[in-house]
Amino acid sequence: MVNMMNRRGLMLLGSVIIAGSVMSGCASSKNEAGAGGKTNSSNEAASPAVKVEGPEVYGIKLTDMDAGGTLKGQYKGKKIVVATMAGDTEKALKDAAGYFQKASGATVEVQSFPAESYMEKIQLDLQTNKSFDAVVMPVALIHGFAEGGLVQDLKPYINNKDLVSPNLALDDFIPSLLDIYGNYKGKLVAFPYKPDSQIFFYRKDIFEDPKMKESFKAKTGKELTVPQTPEEMLAAAKFFTKSLNPDSPVTYGYSTMADNTASRWIWTNRLAAFGGKDIDKDFKPAFNNEAGLKALQFAVDLSKYAPKELLTLHWDEANTLFTNGEVAMMEQWPGLMQAAESDKSKVKGKVGYAVTPGGAPTMGGWSAAMSSATKNPELTYKFLEYVTSKDLEVLKIKNNMDPTRTSNYMRPELKKQFPMYPTLLDSLTKGKILADPDVPFVSPKLDDIMELNIQSVLRGELQPQKALDSMEKSFNEVIASTGIMKQ
Amino acid sequence: MKRHVNRLIVAAFLSVFTFFFMFPIYWTLTTSIKPKEAIIKLPPEWFPVHFTLTNYADVFTQNHLLRIFFNSLFVASATTVITVAITALGGYGFSRFRFRGRSFWVYTTIIVRMIPGLLFIIPYYVMFQKVGLLDKLSGLVIVNVTAALPLAIYLFMGFYNEMPSEIFESATMDGCSEYGKFAKVALPLVTPGIVVTSILVFIGAWNEFSLSLILTFSDDKKLLPLAISSLIEVQKDTPLGTIAAAGTIAMIPTVILSLTTQKYIVEGFTAGAVKG
């Protein structure tokens, strides 16, 4: 997802890298009592908690507005700055910051930057100006910051009994999210903030149509069911493609967004399903094998049932095709749900959700981390803990930030409001490959390499095996240039 | 007959160019007043059928664009005034006086203009960090003035060079001091040049993106290009109507400036260096 941003921002990247190499780097100062030390909260342990009235969201009355009684206005006069991308993440953080300020007494400034350039801006500041106390960013970038020592381990703060909220419940985070989003080389460098997984959206109405079922059986000899395997997906895509089956109620069997920032996910959605991986734990490419080849050949086969302009489709265009009722099946990020279920959608109430066929969807996701240079580590930790707490997660849903905690997916109010949630939880549990290869510093570059090769294969200009060879070679060169590859 | 054919060819070319220049503006304007479903309609709705002001309401209520608009207005206006004040004098000096190293400094000034602006961003960032100018509108004015100086000096030199030397000789004979010649003779004559330079500098500062992205942080210091760019999100439908409304609002000052000073612009383009 990193390179979904406009390439204009990348013009600044060169400058940022130069700056990073010539300027002061990865300082890790701790200016407050901090992790293991005596805390402000312990100093004021006797103080009563500040009463903050929680709102009612989706019929749920939020009650844990003072982090289990650990926020007592004890941070009055202090200020932290949180940096993120402009838009929903910013709005969600600002909403939560309002309550946090009341409970803690501190001031929280949320600074946001445009989607096309926030990465460079935030990295530059972390390396030089060091004005951010916390950052909320995509997982792969946070791991890069962790490798560079720009963000710090949260475990010492969690282990500080005087500081930590009694309601933290680390084991309530979806285990795979805490592991993939939060952990890096044995440290907990971030809390999961926004989960993301490719979801299989399908037209429930046509999959359940008795006429379609009968016709499918007559043509294939099999029952028409919601595809769970790649083979079933291919058969359904072929059946629903109007050019091959004039009786199909839709034009295309399959679609997704597959422009030169997103086409790799058609491949990665099947890569793990066939037993492959993009990068192994030693930062070596792990896709040039039978699994990689099968997944890539599958992407080629599937694209035959997609719109001709598949390789130019991005978010808006791809979603419009689906919401206009022209597509039977689509793999997309959860945000499609809002468009599909909106009043203007022609498929409102007709969409079903499932785990991507093969059962190993590609995962995205954002996490919240603490800068190594923060002058208020204790306060910053409390903010991160607060915005990822069980109750505050419910508050951020209205800004399209889905929960990262299992218990929130179990709330009946949310299950009723968001019928996709059981599928999302299932997908998040099964996801194995990240949308951007989890290699510090070079993740966007690796995205570009994959896009270049996969686009060439889907255009018919390159054979799948040659593309895998080319990708492996380029991956090795780029990753070797970082010096992080284990020997 | 040949004259008519020539005129027809010119008219055809002008029509094509006018269409290419005007259509994006027309499309932005009409998109800003269309309801969402009409914006994404296929085939496109070339002439709006239904009108709405919701997009403008969103710009002001949800995106706090009014404050940002005034930030941009302050930065662009201050940049223009300071730049013109400095370069009207600088251009005069380079044009009228012969001094040791003159050519060197003229070419150095012009060469600075040829260096890609992105190269200056990191040095600016470091300097501003040291002197406390990060996240300050005054800092943006400083960098915008610096960026505009070479072109403005070059333009003013062209305007002053066009003035006949006899005017200055007469002024000398009338007992005018060097400052008097500048203030009472050159400056009134260079008014079209001041207008042209002001518009170019204003538009440059008004549209500037990269420097404000790197040098500002907080919401209350954002400028229009940055704020409009922030309306585009990943994994979310692009709010085309809101962006068009914000773009339309952003066009207003430059359009007003251009229309109200059209007379001077024509004079300026025919009098100064910009005539090519």
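In the predicted model, A:Val82 is in contact with A:Leu93, A:Val108, A:Val110, A:Asp133, A:Ala134, A:Val136 and A:Phe383, leaving aside neighbours within four places in sequence. Two residues are in contact if their C-beta atoms, placed from the backbone, lie within 7 Å. A:Val82 is also among the residues with the most contacts inside the largest nonpolar core, together with A:Ala96, A:Ala134, A:Ile142, A:Phe201, A:Ala369 and A:Phe383. This core has 207 residues. A nonpolar core is a set of buried Ala, Val, Leu, Ile, Met, Phe, Trp, Tyr and Cys residues joined through C-beta atoms within 7 Å. Helix α7 (residues 137-161) of chain B gives the most to this core, with 15 residues. Helices (H or I, at least four residues) and strands (E, at least two) are DSSP runs, numbered from the N terminus.

Residues are numbered from 1 along each chain as its sequence is written, while chains are lettered from A and ligands numbered from 1 in the order in which they are written. As the model is predicted, local features need pLDDT of at least 70 and side-chain atom pairs count only at pLDDT 80 or more, whereas totals for chains, interfaces and linings use all residues.

Chain A holds 21 helices and 15 strands. Of its 487 residues, 55% count as buried; a residue is buried if 20 or more other C-beta atoms lie within 10 Å of its own, exposed if 12 or fewer, and partly exposed in between, with C-beta atoms placed from the backbone. Among the contacts in chain A with a separation of 6 or more, 76% are between residues 24 or more positions apart.

The domain assignment of chain A gives domain 1 (2-195 + 366-434) and domain 2 (199-363 + 437-482); such bounds come from an automatic or database domain assignment. Contacts between these domains of chain A involve 20 residues of domain 1 and 28 residues of domain 2. On the domain 1 side, two or more residues each come from α5 (139-147), α19 (421-430) and β15 (433-434) of chain A. The most, five residues, are given by α19(A). By class, this side divides into eight nonpolar, seven polar and five charged residues. Ala, Val, Leu, Ile, Met, Phe, Trp, Tyr, Cys and Pro count as nonpolar, Asp, Glu, Lys and Arg as charged, and the others, Gly among them, as polar.

An open sheet of chain A consists of four strands in the order β10-β11-β9-β12, with mixed pairing. Strands pair if DSSP finds at least two bridges between them. The edge strands, β10 and β12 (351-355) of chain A, each pair on one side only. Strand β9 (residues 199-203) of chain A runs antiparallel to β12(A) and is joined to it by five bridges. Within this pair, A:Ile199 stands opposite A:Val355 in β12(A).

Helix α10(A) has A:Pro230, A:Met233, A:Ala236, A:Ala237 and A:Phe239 buried. The cover over these residues includes α9 (210-220), β10, α11 (264-271), α12 (290-303) and β11 (327-332) of chain A. A:Ser243 lies in the loop between α10 (230-239) and β10 (252-256) of chain A. A:Ser243 counts as exposed because it has 11 C-beta neighbours inside 10 Å. From A:Ser243 to A:Lys284 there are 41 residues in sequence and 42 Å in space, C-alpha to C-alpha.

Two non-glycine residues of chain A with positive phi may be set side by side. A:Lys185 has a phi of about 50° and is placed in the loop between β6 (183-184) and β7 (187-188) of chain A. A:Lys185 is exposed, with 10 other C-beta atoms within 10 Å. For A:Phe441, phi is near 75°, and the residue is found in the loop between β15 and α20 (443-458) of chain A. A:Phe441 counts as buried, with 22 C-beta neighbours inside 10 Å.

Between the chains, 32 residues of chain A are in contact with 23 residues of chain B. The chain A side draws at least two residues from each of α1 (10-22), β4 (107-113), α4 (118-129) and α13 (315-323). Its largest share, five residues, comes from α1(A). The residues on this side divide into 15 nonpolar, 11 polar and six charged.
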